[in-house]
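I am keeping short notes on what I looked up in this structure. The entries follow the order in which I checked things.

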Amino acid sequence: MQKYSKQTRLLVAVDCIIFGFDGEKLKLLLIQRDFEPKKGKWSLMGGFLKPDETPENAAYRVLKQLTGLENVYLEQTEVFGDINRDPIERTLSIAYHTLVDIHQYEKQLSNDYHAEWFEINQLPDLIFDHNQMVKKAKEKIRYKAALHPILFELLPEKFTIPQILALYEQVFDTELDKRNFSRKLFSTGLIIKQQEKDKLNSKKGAFYYKLDKDTYKSKFENFFHFISNPTELK
């Protein structure tokens with residue numbers, strides 16, 4: 001097989017950025033790196049691309065190998081290629097991200113590489129440029145969630161308005177105007193009010209709602225603008 005002459009070979013890696021919501025807190029899944037450099041330090045799930053696989057296939061392989069997670073939808077974040085990002089060899093990394101319901105995947109999670117969920121505001125120091133990757137992935141999720149109802153997939157079958165509000169405030173790391181948010185939410189027609197109330201978390205009791213799945217599917221690509229100016233949030 002012929003090769004391009006006078007060209008330098010580079011390594012290509014993939015890194016997986018897995019955000020999770022447990023019903024109260026937004027978290028990030030990390031592992032402890034098991035080889036040098038930075039052995040024992042906290043890291044995103046990463047590995048090198050093999051000659052016979054696509055970057056996307058490599059990301060799914062690495063994620064399953066290091067955490068046990070599978071059947072997780074991954075979306076490409078960005079290519080990270082700073083010249084000095086890896087102190088050993090010149091390595092490009094293609095990052096992928098997703099946001100999952102932690103409870104749906106907790107039985108899959110493997111302890112082989114000490115995979116652990118960390119609250120997004122209490123992260124340990126991460127290796128290389130992984131902090132930058134997390135920041136970029138968060139921006140991508142926030143922008144999409146500001147326009148489309150993707151966060152509804154993380155809610156239980158029955159939920160309250162305070163639960164939805166808490167979810168959006170966790171993802172966007174900001175305090176939202178409750179009345180304005182509720183007004184936008186009801187205007188979408190995505191939720192159906194139930195007769196039951198949640199009496200455990202409030203004295204008066206908050207009504208439960210369910211997601212109207214047919215409306216959700218038909219209106220998913222509509223622009224709802226749940227959050228104004230998401231790119232201006234920290």
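Entry 1, a loop residue. I began with D173, which lies in the loop between helix 4 and helix 5 (178-187). Helices here are DSSP runs of H or I with at least four residues, strands are runs of E with at least two, and both are numbered from the N terminus. Phi of D173 is near 50 degrees, a positive value in a residue that is not glycine. I noted the background: most residues other than glycine have a negative phi, and most peptide bonds are trans. D173 is partly exposed, at a relative accessible area of 28%. On this scale buried means under 20% relative accessible area, exposed over 50%, and partly exposed in between, with a 1.4 Å probe and protein chains only.

The model is predicted: local features need pLDDT of at least 70, side-chain atom pairs count only at pLDDT 80 or more, and totals for chains, interfaces and linings use all residues. Residues are numbered from 1 along each chain as its sequence is written, and side-chain values use heavy atoms, with hydrogens and water left out.

I looked up P37, in the loop between strand 2 (26-32) and strand 3 (42-43). The peptide bond from E36 to P37 is cis, with omega near 0 degrees. K38 is also placed in the loop between strand 2 and strand 3. Phi of K38 is positive, near 70 degrees, and K38 is not a glycine. K38 is partly exposed, with a relative accessible area of 43%.

How do helix 3 and helix 4 pack, and at what angle? I found helix 3 (residues 130-147) and helix 4 (residues 161-172) at about 145 degrees, with axes 10 Å apart. Helix 3 brings I141, R142, A145 and A146 to the contact, and helix 4 brings Y168, V171 and F172. Contact means heavy atoms within 4.5 Å. By class I list six nonpolar residues, no polar ones and one charged.

I recorded six helices and nine strands in the protein chain. Its C-alpha atoms fill a box of roughly 70 × 35 × 30 Å along the principal axes. Of the 234 residues, 45% are buried. Among contacts between residues at least 6 apart in sequence, 66% join residues at least 24 apart.

Methods. Axes fitted to C-alpha atoms, helices over the stretch in contact; angles between N-to-C directions. Nonpolar A, V, L, I, M, F, W, Y, C, P; charged D, E, K, R; others polar.
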